[in-house]
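Trainee: Could we go through this structure together? I would like to begin with the interface and then turn to other regions.
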Amino acid sequence: MSASAILAAPSRDRMRADRLARLHAGMEQHGIDALVLLGYTNVAYATGAVWPVADAGRAGFELPVAVVVAGDDAPHLFSPLREDEQLRAELPADHLHGPVYLDVDEGVARFASSLAGLVPSGAVLALDQWTHAMRRETSVLFASPPKDAGRVVSDAKLLKTPDEVAFMREGLRISEEAITAVQAAIAPGVRQIDLTATFLRRLFEAGADANVLDPIWQVMPARIADGPWTTTGDIAVPLLTTERELREGDVLWSDIGVTYQGLHTDFGRTWIVGREPDARQRAQFERWQEILAAVLDVTRAGATAGDLTAAAIAANGGTKPWMPHFYLGHGLGIDSAEMPFVGSDIGEAFDDQYVLQAGMVLVLEPVVWEDGYAGYRSEEVLLITDDGWVPMTDYPYDPF
Amino acid sequence: MATTVTEIRPDEAGLRQARRARVLAEMEAADVDVLVLGREANARYVSGAPRLWTAGSKAFGPGCVLVRETGAVHLLSTWDEGVPEDIPHEHLYGISFNSTTFLEVLKGIDGAATARRVATDGLSHGAARMLPASFPEAEVVDGEALMQRARRIKTPQEVDAIRASVRVAEASLAAAAGALAARVTERQLTAVFMETMAREGVTTPSTQDVAWISSLSHPWHRSSRDRPAAEGDLVVFEAGILLDGYAGDVGRTRAVGAPSAAAQALAARCDELWAALWEACRPGAPAADLLAVYDKAGLPAPPVPVARGLGLGYDLPLVSAELPDTAADQTLEPGMVLALTAHVWEEGVGAVHGQEPVVLTDSGPELLSAQPFRGQPLG
């Protein structure tokens, strides 16, 4: 994939065909005849279905399910959602099914009989996650213990297709349109939830399908000790939004995530409420830019995650410039955080052997913290290419 | 309306303790030693700690652990903000991307080594591998059914919490309905709902599918969310929010412009259907009676559930035409809270849809909404 690969006019049909080809290849590799997918991002990936994602409780109850059969050029979707005309135009009618309720024994039994009509008896099936009702009916659902379907999807989604990259860029543009309105609204006396109100209003007007993260506008304490106790002894981030009023000079860390066409976005910036950053804050930002530049300098297909963490640590004078409960960077796209994780607690050995590939979308989020004077954190979204990387957005770092 | 909240606090102690006692009683009854919960609403029910809201179903992971013998709660939280004082720091474990870390956390819990029955509310391939290492003596059993039994009947305090949530949902829905006009899109109506919800102090919707321009030609077809509404369209608003974790869901229908005589007649049929559902919604009655109401009225039951439990998230009962045996097996009981749905559709007219949150009391159903849809004008 090269820098010019971000398409101007992405296609849903081509995106679905590319994904199915990858899933089918993975199924063949693992000797799987059909995938049964419950995880909402896995279902969205396999079918291209777009729906406004609900709260986890409701989403578990209104669970769309996908079945991908080897040799079939269309996925099956069992959906509790209203019948989407776009999807009806894209998928054969006999691949669109009514809802199934897999937390209920009767729902599992009905699904088992539908499934039996889609796959030959004795087929090797794979499943991404279980409900207990499914577990009770294992022998009815599966001729042999199901393999891990999650692994097949994880491998398939790792490298983004050109259409996925283009849809992601549009999703980022939509979320940043909403962020622009938020930034204009930041002032002393404004409540945190008012920023959420402004954000959600503009987000949906701008065309997002769903918000996936209760938006974070965290007022950072000057010192770690002024914040909540943590298991790590480090800063507590992200903390929930309340009706707290912003005050002049507050250091605000933002973090938001939305979906567009089933692709996830990510965004994070540091802002100062009601005044220009002071010299110390500007110095923190300069340090952050140096760390980012050092990481970007080694970021390309073929580099390891360990190359990126080493560059970040060296640029930060020998210590890790990220929060111990998170990472220096993470993959983005089908999920809000997915492989590759760079600098996570999976450990250095993992980072050192993990090779970046062209087509990965990576979010880098170094943190500069100066205890007593808070700190700076932003997120940079980029596409890994054969000879380096290209930025997925050009949202400014104002007021820095 | 919610009071002003400027810091994250745990759920109120009485509410928390009543919920946890119910879960411990169900663990006793099912002979479960340790309960490992991944679903956010289950974890909140047991812990009383608000955590970051994210949309969509989650793969199973150990988000909260309850030990029957000691009553100890262990919680996945990197910080103590919002964590009640009965969960000490040493019972908090942080965010991790390393499954070995979780394995060790579970293994280190007092009682893990000797637990014979461990219940979970879901299962993944990774968890199926991990649990035997963390609980070497235990068989893994169904914790979701256990939690459903515990959560099914609401305490009076829970009913109050749902009522408060419904108020915010109604106010937000009214604002969205007020923005309805020709050329407005579903997305724009959703935007108004979400903005109002947040200004009311709530940043967590229960659904993000707020408005639906019903089709004239197919009962459940859904057009693009960017299609502008046209004069005469019937637009269904089905919206909900989570206040302190409790779901407040309401459904209303509005016409774009002045409703036609046919639309008003359809609304009157929806009112009649609602009256019959209300009659059937009696403590002691089988839940299947609610489905029978549609049959008797000669109407197809909607593909979405006619009734489903509201609470800390979504609960039993689940009453759907897709699950007739399940409906027949369930009994409506005092203390259940239902989102009850009346839905009618007519070719060339569209859909009229009403959904009300209802609590069942000893003497019958009681509405939790302040402005019920029945008798409300469409326009």
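Trainee: Which residue's side chain does E195(B) meet in a salt bridge?
Mentor: The partner is R201(A), with 2.6 Å from N to O. Please keep in mind that this is a predicted model.

Trainee: How many salt bridges are there between chain A and chain B?
Mentor: The count is eight. Between these chains there are also 40 residue pairs in polar contact, with both residues at pLDDT 80 or more.

Trainee: Which helix gives the largest share of the side of chain A that touches chain B?
Mentor: That is helix α10 of chain A, residues 192-206, which supplies nine residues.

Trainee: And how many residues are in contact across the two chains?
Mentor: On chain A there are 79, and they contact 80 residues of chain B. The two chains bury about 7,100 Å² between them, and carbon and sulfur atoms account for 57% of this area.

Trainee: Which residues of chain A lose the most area to chain B?
Mentor: They are R58(A), R82(A) and W229(A), which together make up 12% of what the chain A side buries.

Trainee: Let us change topic to the sheet. In what order do the six strands of the open sheet in chain A run?
Mentor: The order is β5-β3-β2-β1-β6-β8, and the pairing is mixed. Strands β5 (96-97) and β8 (147-148) of chain A each have a single partner strand, so one side of each lacks a neighbour in the sheet.

Trainee: What packs on that sheet?
Mentor: Helix α1 of chain A, residues 12-30, does so, touching β1 (34-37), β2 and β8 of chain A. The direction of this helix makes about 65° with that of β2(A).

Trainee: Do β2 and β3 of chain A run parallel or antiparallel?
Mentor: They run antiparallel, with three bridges joining β2 (residues 65-69) to β3 (residues 76-78). Within this pair, V67(A) stands opposite H76(A) in β3(A).

Trainee: What does the side chain of E338(A) join in a polar contact of 2.4 Å?
Mentor: It joins the side chain of K160(A). A polar atom of the E338(A) side chain also lies 2.7 Å from the backbone nitrogen of D335(A). Beyond four places in sequence, the contacts of E338(A) include K157(A), H330(A) and L332(A).

Key
Residues are numbered from 1 along each chain as its sequence is written. Chains are lettered from A and ligands numbered from 1 in the order in which they are written. This is a predicted model: local features need pLDDT of at least 70, side-chain atom pairs count only at pLDDT 80 or more; totals for chains, interfaces and linings use all residues. Side-chain values use heavy atoms; hydrogens and water are left out. Two strands pair if DSSP finds at least two bridges between them. Helices (H or I, at least four residues) and strands (E, at least two) are DSSP runs, numbered from the N terminus. Contact means heavy atoms within 4.5 Å. Axes are lines fitted to C-alpha atoms, for helices over the stretch in contact, and angles run from 0 to 180 degrees between N-to-C directions. A polar contact is a pair of N or O atoms within 3.5 Å; within protein, one must be able to donate a hydrogen and the other to accept it, and residues adjacent in sequence count only if both atoms are side-chain atoms. Buried area is the accessible area (1.4 Å probe) that two parts lose on being put together, summed over both. A salt bridge is a side-chain nitrogen of Lys or Arg within 4 Å of a carboxyl oxygen of Asp or Glu.
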